[in-house]
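I opened this notebook to record what I looked up in the structure.

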There are 2 protein chains.
Amino acid sequence: MSATKLIKLIDEKKNPSVVGLDPMLDYIPEEIINKAVNEYGKTFKAAGEALFEYNKAIIDAVCDIVPCVKPQSAFYELYGTEGEEALKKTIEYAKNAGLYVLLDVKRGDIGSTAAAYSSAYLGKTDVFGEKLCACECDAVTVNPYLGSDGVLPFVKDCEACDRMIFALVKTSNPSSGELQDMFITDESGEKIPVYMHVASLVKKWGQSTISECGYSGVGAVVGATYPEQLKALRAFMPETIFLIPGYGAQGGKAEDIACAFDKEGHGAIVNSSRGIITAHKKVGGDPKTAWRNAALAMKEDLTK
Amino acid sequence: MSATKLIKLIDEKKNPSVVGLDPMLDYIPEEIINKAVNEYGKTFKAAGEALFEYNKAIIDAVCDIVPCVKPQSAFYELYGTEGEEALKKTIEYAKNAGLYVLLDVKRGDIGSTAAAYSSAYLGKTDVFGEKLCACECDAVTVNPYLGSDGVLPFVKDCEACDRMIFALVKTSNPSSGELQDMFITDESGEKIPVYMHVASLVKKWGQSTISECGYSGVGAVVGATYPEQLKALRAFMPETIFLIPGYGAQGGKAEDIACAFDKEGHGAIVNSSRGIITAHKKVGGDPKTAWRNAALAMKEDLTK
């Protein structure tokens, strides 16, 4: 069932880290850029080639250390269909390297539209009776603003295709509180913040997807930058795996997120993007060594 | 400025209708399907070709009647890069036909990620110093769950590139109330629903983008299926253009949304997807005539 595959990989690597594949052209080593521009000019094709070569090199460097990568769709959509092609090739390459692929798309829409997104990323597309994969991932992120209609089509594919989703609950950014921290009055008359209300929806959505590992196929995004809220959410939803952004570059520390894990080291995955994929910019030398060392340092920091 | 272009087109066509280009393969006339499958087999390539040919035929049929089309990204992402190519070709074709193109992507992310989405759809992409367009539209929909961090990068491009965004406020789907109708206590101690709180954020985000037409470049998505909420939101945000989904197939009626318009017939655009693009399935005969008649009937219904 849904969460078991992820937990098995975490156990194998003894590491709950996720490497965020959020490539910007500025980050990419010069030799990769030069090769792409020499071959294809200053075009989207060259950008797509450079993104894929960069991702391949990062995956090669870290795939024996981390269980999971998280490409951020925006940084591929930015380069049009050539960027999207690079994303799809990256996903295939990561899966072949034995990694769990969590695609960060934060989609949220209703009914047949949500079902279309889910088929595209978790299920299969019916093409004149043939069942084809548009962009097959292990998991995606979803946005809860539209309620159950926007999420249940994904949950259906989690059950049918052994996938996961991670719904935004309390995000890591400075302005997340503008909506998520507002207090609402729940059915029992108690005042709770919006993120806690969304957490109760997430629990409900995931109920049918709890697997033998004890965790649900519907995870929650909870930022490392809000340790108090993280602690409260952990207590409220013990069967929910947290995807924790905000570690490293955004300021979240290992001690802030220690509470998210159970005794076996399960219950959360922690993302670092810039902290890993731009490590070569900070330390110089061979980029693969820099990425590898950054991934090893993160593992040590999280598991100490 | 941002909203002026849209309002000029509404005035020219004397029509606030939007045709939602949400194509499913089932909807597409047989001769288009047969041609695509004969040429490319049961493949994504054939699906992409069929989507584009279908959209072209719809655009040809309605472009002198309606001011705006709204492709829904999910129904293109469903067919991988071939679907995304069909989306980009559809957008170009619609712009060349003089239509305003509002792409329904409902993106919502933070900081540099939101900026990447905005560059992809409203601005330009920097590719090794060249400024290229990944998928240039007039406007996109955005999701407000992450607060200002997720929206202000788009607002910047609205100002710089004369674009619009429409933020989800009160969506048309049955479960929208699970979060959007919960009551929060605002700064003054008053109890207001979440959608009204989001509406106040939308007003604030749009303040710098109000143009000589009197409307802001930051619009709001407000469903036709909740007429009471629509009325309250109209009174609260007189400078905000509403994108109204839920008319027709979802049950919203012209009388439910009459309150959204000002005396000049401005202030809202009303979307119909299935009501127009599947009209040929209901009435038979020449599909173009069916789409055209459905668009004319909608115009008459809305402007009576």
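**Helix pairs and chain contact**

I first listed the contact (heavy atoms within 4.5 Å) of two helices in chain B: B:Gly111, B:Ala114, B:Ala115, B:Tyr117, B:Ser118 and B:Ser119 in H6(B) meet B:Asp149, B:Gly150, B:Pro153, B:Phe154 and B:Asp157 in H7(B). Helices are DSSP runs of H or I with at least four residues, numbered from the N terminus. By class, I found 5 nonpolar, 4 polar and 2 charged residues in the contact of H6(B) with H7(B). Here Ala, Val, Leu, Ile, Met, Phe, Trp, Tyr, Cys and Pro count as nonpolar, Asp, Glu, Lys and Arg as charged, and the others, Gly among them, as polar.

I noted the provenance: this is a predicted model, in which local features need pLDDT of at least 70 and side-chain atom pairs count only at pLDDT 80 or more, while totals for chains, interfaces and linings use all residues. Residues are numbered from 1 along each chain as its sequence is written, chains are lettered from A and ligands numbered from 1 in the order in which they are written, and side-chain values use heavy atoms, with hydrogens and water left out.

I then looked up the geometry. The axes of helix H6 (residues 111-121) and helix H7 (residues 148-161) of chain B come within 8 Å and cross at roughly 35°. Axes are lines fitted to C-alpha atoms, for helices over the stretch in contact, and angles run from 0 to 180 degrees between N-to-C directions. The crossing of H6(B) and H7(B) is right-handed, that is, the near helix is turned clockwise from the far one by less than a right angle.

In chain A, the axes of H6(A) and H7(A) come within 8 Å and cross at roughly 35°, and this crossing is right-handed.

I turned to the interface. The contact takes 74 residues from chain A and 72 residues from chain B. The two chains bury about 5900 Å², 62% of it on carbon and sulfur atoms; buried area is the accessible area (1.4 Å probe) lost on putting two parts together, summed over both.

How many salt bridges (side-chain nitrogen of Lys or Arg within 4 Å of a carboxyl oxygen of Asp or Glu) lie between chain A and chain B? I recorded 6 salt bridges between them. One pair is A:Arg107 with B:Glu77, with the closest N and O atoms 2.9 Å apart. Helix H6 of chain A gives the most to the side of chain A that touches chain B, with 7 residues.
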